[in-house]
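Please read them with the structure open.

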Amino acid sequence: MATNNTITVTLTQLAKMIDHSLLHPTMTDADILAGLKIARDNHVATACVKPYLIPLAKKELAGSDILICPVIGFPHGNSTTEIKVAEATAAAQAGGAEIDMVVNIGKVLGGDWEYVTDEIRRINEAVTANQAILKVIFENDYLQPEHIARLCEICTQLGVAFVKTSTGYGFVKQADGSYNYKGATVRDLKLMRAKSGDKVQVKAAGGVRTLDDLLHVMSLGVTRIGATATVAILEDARKRGIGNEPVEVSFKPMKEEGETGGY
């Protein structure tokens, strides 16, 4: 429960909110090993990895409570449906317990909802047939609220496990010519929670970098985040007195859409 920018949490609860992200394209196997150790030591929910790293993650996380979360069609969602289904099937069979796929963004923007629905359905069926669950990444920076709402309705109808805001790599050209992204915004998270069914969970990714950010998105009904700042977030939690017993803590809210800063 959360009111007036306060929420009651435990350290374990916070750790199990986190998919520790190991997705940057420049990461070497040595970087991945270090990241998997962070995931294991902090008892997060999953280690989020590229598909070729599933065997290494499986070996390093053996005997732990950390699940493996491979990404599919990442980061731009442009593979054919057949390739995405094959990739998702192989990832689940190799040990991926949670599969994060990227929608076909061009088809979403073009309003080809039949294509979008068919693709998500086929991937969800392939994943669940192999005892895994599916998270569907929208890449909200490229979308309008009506696209986000429609995707939530489709994912609810198809019974997917999670809807997810972003890859963290959906860079949009800004007015000054630079490329950046907002990722998980308060506006979009509220919309996704409102438009998704009760059985569909919401994952916030991209821009959730601090404990305050995590606590705020939790208060909006988010149950999972993608994060690279896992260590900093959990260290801050300990410093603020969050431990094994439930404790009420206050948080600084993320900036709302239209305000400056915060991302």
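Predicted model: local features only at pLDDT ≥ 70, side-chain atom pairs only at ≥ 80, totals over all residues.

1. Please read every value below as computed from it.

2. Overall fold. Eight strands form a closed barrel with parallel pairing. The order is E3-E4-E5-E6-E7-E8-E11-E12. On average, neighbouring strands of this sheet are turned by 25 degrees against each other, direction ignored.

3. Strand E3. Is E3 enclosed or open? Five of the five residues of E3 (residues 18-22) are buried, so the strand is largely enclosed by the rest of the structure. Both of its faces are covered. Ile18, His20 and Leu22 are buried on one side, Asp19 and Ser21 on the other.

4. Partners of E3. Strand E12 (residues 224-227) pairs with E3 in the parallel sense, over three bridges. Within that pairing, Asp19 has Gly226 of E12 as its bridge partner. Strand E4 (residues 46-49) also runs parallel to E3 and is joined to it by four bridges. Here Leu22 stands opposite Val49. Between E3 and E4 the chain passes through helix H2 (residues 29-42), and this β-α-β crossover is right-handed.

5. Helix H4. Residues 81-94 make up H4, which lies across strands E5 (67-72) and E6 (98-102). The helix runs at about 165 degrees to E5.

6. Strands E7 and E8. E7 (residues 133-137) and E8 (residues 162-164) pair in the parallel sense over three bridges. Lys135 stands opposite Phe162 in E8. The side chains are worth a look too: the charged end of Lys135 sits over the ring of Phe162, 5.4 Å from its centre. Helix H6 (residues 113-129) packs on the sheet and touches E6 and E7. Its direction makes about 150 degrees with that of E7.

7. A further charge over a ring. The charged end of Lys107 sits over the ring of Tyr115. The distance to the ring centre is 4.8 Å.

8. Aromatic pairs. The count comes to two. In one, the rings of Phe74 and Tyr169 have centres 5.9 Å apart and planes at 75 degrees, so the pair is edge-to-face. Phe74 lies in the loop between E5 and H4, and Tyr169 in the loop between E8 and strand E9 (172-173), so the contact ties together parts 95 residues apart in sequence. Phe74 is partly exposed, at 22% relative accessible area.

9. The other pair. Phe171 and Tyr181 are also edge-to-face, 5.2 Å centre to centre with 80 degrees between the planes. Phe171 sits in the loop between E8 and E9. Tyr181 sits in the loop between strand E10 (179-180) and helix H8 (186-195), 10 residues apart from Phe171. Are these two residues buried or partly exposed? Phe171 is partly exposed, with a relative accessible area of 37%. Tyr181 counts as buried because its relative accessibility is 16%, under the 20% cut-off.

10. Val202. This residue lies in strand E11 (residues 201-205). At 1% relative accessibility, Val202 counts as buried. Which residues does Val202 contact, leaving aside neighbours within four places in sequence? They are Phe162, Val163, Leu189, Met192, Arg193, Val222, Thr223 and Arg224.

Conventions
Residues numbered from 1 in each chain as written. Heavy atoms only, no water. Pairing = 2+ DSSP bridges. Helix = DSSP H or I, 4+ residues; strand = E, 2+ residues; numbered from the N terminus. Axes fitted to C-alpha atoms, helices over the stretch in contact; angles between N-to-C directions. Contact = heavy atoms within 4.5 Å. Phe/Tyr/Trp six-rings, centres within 6.5 Å; stacked < 30°, edge-to-face > 60°. Buried < 20%, exposed > 50% of the residue type's maximum accessible area, 1.4 Å probe, protein only. Lys NZ or Arg CZ within 6 Å of the ring centre and 35° of its normal. Right-handed = clockwise from strand over helix to strand, strands pointing away.
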